[in-house]
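Hi,

Here is the structure I promised to pass on.

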Amino acid sequence: MLLCTLTTIVAMAGVRESLIEAALKSPEMVGAQDKQGWLNLFVEGGVIEDPVGGTFQSTEEDRSRFWDMFIKDKGIDLIPECEDIVDEKNHVVVRTLNIRTKIYGGSVLNVPLHVLYTFQKESFKVEKLQAFWDASESSPVSKDFADMPSFVFGSISVLKQIYDFSSLGWLGEYLSSISLHNCGPAGREIVRKLVSDGDRTGLFAPDATIVFPLQDRVLIPADADSQFPTDLEIFNVHSSGKWVSFSIKLPETKSQPDNGIPVAGVGFVRFTSASELVIEEVMMYTF
């Protein structure tokens, strides 16, 4: 029995290391501008949702087009904001990042987000990459007012690149999906009520689930008031399509990590739709 337990622990440690390594390969390939290496990270049919709620990229052609439009020749830095969360059982890695993209004239586009990677168990290739961010939170940072003309013209050229590379219909669908089809401030407010208010009447759909993957635990709405954590302090709250993601601060009574922002986990809330704000699913990746 003890040998079996030790073997399982060693195996899980190996899985954890492999998952972390797999999650770091994407930013490595982006930094090296290695398109083929990046494409090879995905399984056949691997899905990119960037942002979640936007158009799916699920074929080799889709992923190649995504690279050409949003990664190729861009100065992109993916800056970790805290320790990555690893779910060995489900082969999931959750990252809290700040993506900084150098645009033109020294300007930088700053995008805070959560990324959820789901990996194939045999190959550790990406089955799904889900990036949770809100276009309204993307902020251009210009070094100087004199940089603004080049930033504006650079932004126009980026849109022109998208238009020239694909159809106007695709461009319209993409832009509307990341702006119009978003639960926005109303969704974020409901999430704040979920994590801070003991009264959650009317927040959940009848068949909603509340999942704690790291603890292998599932609650139903009837259990929420008595068993769901309350008075959680959250930050990095992003609305993305019909989802809201958020980081959870570590209580001050607990030890703080040496590096990065102290967090106790990351949560994800899925509504029925971006306009019908009834909770269908909650995932809490908490330590």
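Phe132 is buried, at 1% relative accessibility (buried means under 20% relative accessible area, exposed over 50% and partly exposed in between, with a 1.4 Å probe and protein chains only). Trp243 is buried too, at 11%. The ring centres of Phe132 and Trp243 are 5.7 Å apart with the planes at 75°, so this pair is edge-to-face. For reference, rings of Phe, Tyr and Trp (its six-membered ring) pair if their centres lie within 6.5 Å; planes under 30 degrees apart count as stacked, over 60 as edge-to-face and the rest as tilted. Phe132 belongs to strand β6 (residues 126-132) and Trp243 to strand β11 (residues 243-249), so the pair ties together parts 111 residues apart in sequence. Helices (H or I, at least four residues) and strands (E, at least two) are DSSP runs, numbered from the N terminus.

Before going further, please keep in mind that this is a predicted model: local features need pLDDT of at least 70 and side-chain atom pairs count only at pLDDT 80 or more, while totals for chains, interfaces and linings use all residues. Residues are numbered from 1 along each chain as its sequence is written, and side-chain values use heavy atoms, with hydrogens and water left out.

In total there are nine aromatic pairs. One of them is Trp38 with Phe66, stacked at 6.3 Å centre to centre and 10° between the planes. Since Trp38 lies in helix α2 (residues 35-39) and Phe66 in helix α3 (residues 60-70), this pair links parts that are 28 residues apart in sequence. Trp38 is buried at 2% relative accessible area, and Phe66 at 7%. Trp38 and Phe66 also belong to one aromatic cluster with Phe42, Trp67 and Phe70.

Helix α3 itself has eight of its eleven residues buried, so it is largely enclosed by the rest of the structure. Among those buried residues are Asp62, Arg63 and Arg65.

What about charges over rings? The charged end of Arg217 sits over the ring of Phe212, 5.8 Å from its centre, and Lys249 lies over the face of Phe235, 5.6 Å from the ring centre. The test is NZ of Lys or CZ of Arg within 6 Å of the ring centre and within 35 degrees of the ring normal.

Finally, the buried residues of helix α6 include Gly184, Ile190 and Leu194. Seen down the axis of α6, its buried residues fall within an arc of 160°, so they line one face of the helix (the arc is that of the directions from the helix axis to the C-beta atoms).

Best wishes
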